[in-house]
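Open the model in your viewer and keep the selection panel at hand. The tour starts with the whole chain, then moves to single residues.

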Amino acid sequence: MKQGNQSMVTEFILIGFSIFPDLQVPLFVVFSIMYLAILAGNIIIIIMIRCESSLHTPMYFFLAMYSSSEICYTFTVIPNMLVNLLKEKATISFIGCMIQMYTFLGFACTNCLLLVVMGYDRYVCICKPLHYLVLMNQRFCTKLVVFSVIGSFLISAVYSYSVFTLPYCGPNKINHFLCDIAPLLQLACARNYIGEILIFLFCILVGGFSFFPILLSYILILNTIMKIPTAEGKRKAFSTCASHLIVVVMHFGCASAVYLRPRSRYTLTEDMFISITYTLLTPLLNPVVYSLRNKDVQVALKKSLGRSTHAQKI
């Protein structure tokens, strides 16, 4: 197909929620409440870490960066999704679709790499406690975050380029509520097998580069924990990792279900449900997991609420 035919599609129609016409307003209300909760939860974590000196450690620095990335990640999708729920015809321009995919995948990859960094932080803290503050100094931690962001958006650029250089000259209805890889590949006029293989390989690369270092970190952590003589010591050591481990399982479970599936098994309803999980439910649960299972965050939150109550009484 010639390049000139690509310009025939100038906009896409997102038909994801059109299969539930009677539920669009109730879904708008529910998703709006969830989005506000996501913003509130992550902003509270960022402010609390910023204001409480007891939380000025590498672990909470990475958590603040992760919460910031989650806010940006949801912002690329959810506001547009909420607007489209109230519109009779949900359209997005070709350029707008490309930008949404680029930013969405960029922040999704950033989340993956930040989880790797947080796993490494837990490994150093538990396995090399005497060298922790030396190894995880502020300059090194900042470099890790910068590398995660730049690397993620370079990967996203490759993904987006592979998808949007395909010829789109016919149908323009995307079976989704966002511009994602699988539904866009279905609309291409001609299959680009090299592009599809590259996309699949990059998915494996990102997943492998993210998941296996985390797995290795936890194998080493578990090995160290098993050498601790007391049950109380083992419990305290593992409790510092529990929140991170729960978030890792949620994040990579949803991502692998979507991006490592064969194209032949793609279905709208199933993919929609999984996508709602990783764009709304997982970001909503992250602050809950880190606040309910982390005593330092609980103590800091109680201190902040206590100061607020005391100030109101005065």
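Accessible areas here come from the Shrake-Rupley method with a 1.4 Å probe. The model is predicted. On that basis, the accessible surface of the protein comes to about 16100 Å². Carbon and sulfur atoms hold 71% of that surface.

**Whole chain.** Colour by secondary structure. Along the sequence the order is β-α-α-α-β-α-α-α-β-α-α-α-α-α. Of the 314 residues, 47% are buried. Among contacts with a separation of 6 or more, 80% are between residues 24 or more positions apart.

**The disulfide.** Select C97 and C179. Their sulfurs are 2.0 Å apart and form a disulfide. The whole structure has 1 disulfide. The torsion about the S-S bond is -125 degrees, a left-handed link. C97 sits in helix 4 (residues 94-127), while C179 is in the loop between strand 3 (173-174) and helix 7 (181-187), so the bond ties together parts 82 residues apart in sequence. C97 is buried at 0% relative accessibility, and C179 is buried at 0% too.

**Cysteines without a partner.** Go to C127, which is in no disulfide. Its nearest cysteine sulfur belongs to C241, 8.6 Å away. C127 is partly exposed, with 22% relative accessible area. Now pick C241, buried at 1%. The closest cysteine sulfur to that of C241 is in C125, at 7.8 Å, which is too far for a bond.

**Last stop: H244.** Select H244 in helix 9 (residues 231-259). Is H244 buried or exposed? H244 counts as buried because its relative accessibility is 3%. Beyond neighbours within four places in sequence, show its contacts: L115, M118, G119, I214, Y218 and Y290.

Key:
Residues numbered from 1 in each chain as written. Predicted model: local features only at pLDDT ≥ 70, side-chain atom pairs only at ≥ 80, totals over all residues. Heavy atoms only, no water. Helix = DSSP H or I, 4+ residues; strand = E, 2+ residues; numbered from the N terminus. Buried < 20%, exposed > 50% of the residue type's maximum accessible area, 1.4 Å probe, protein only. Contact = heavy atoms within 4.5 Å. Disulfide = S-S within 2.5 Å.
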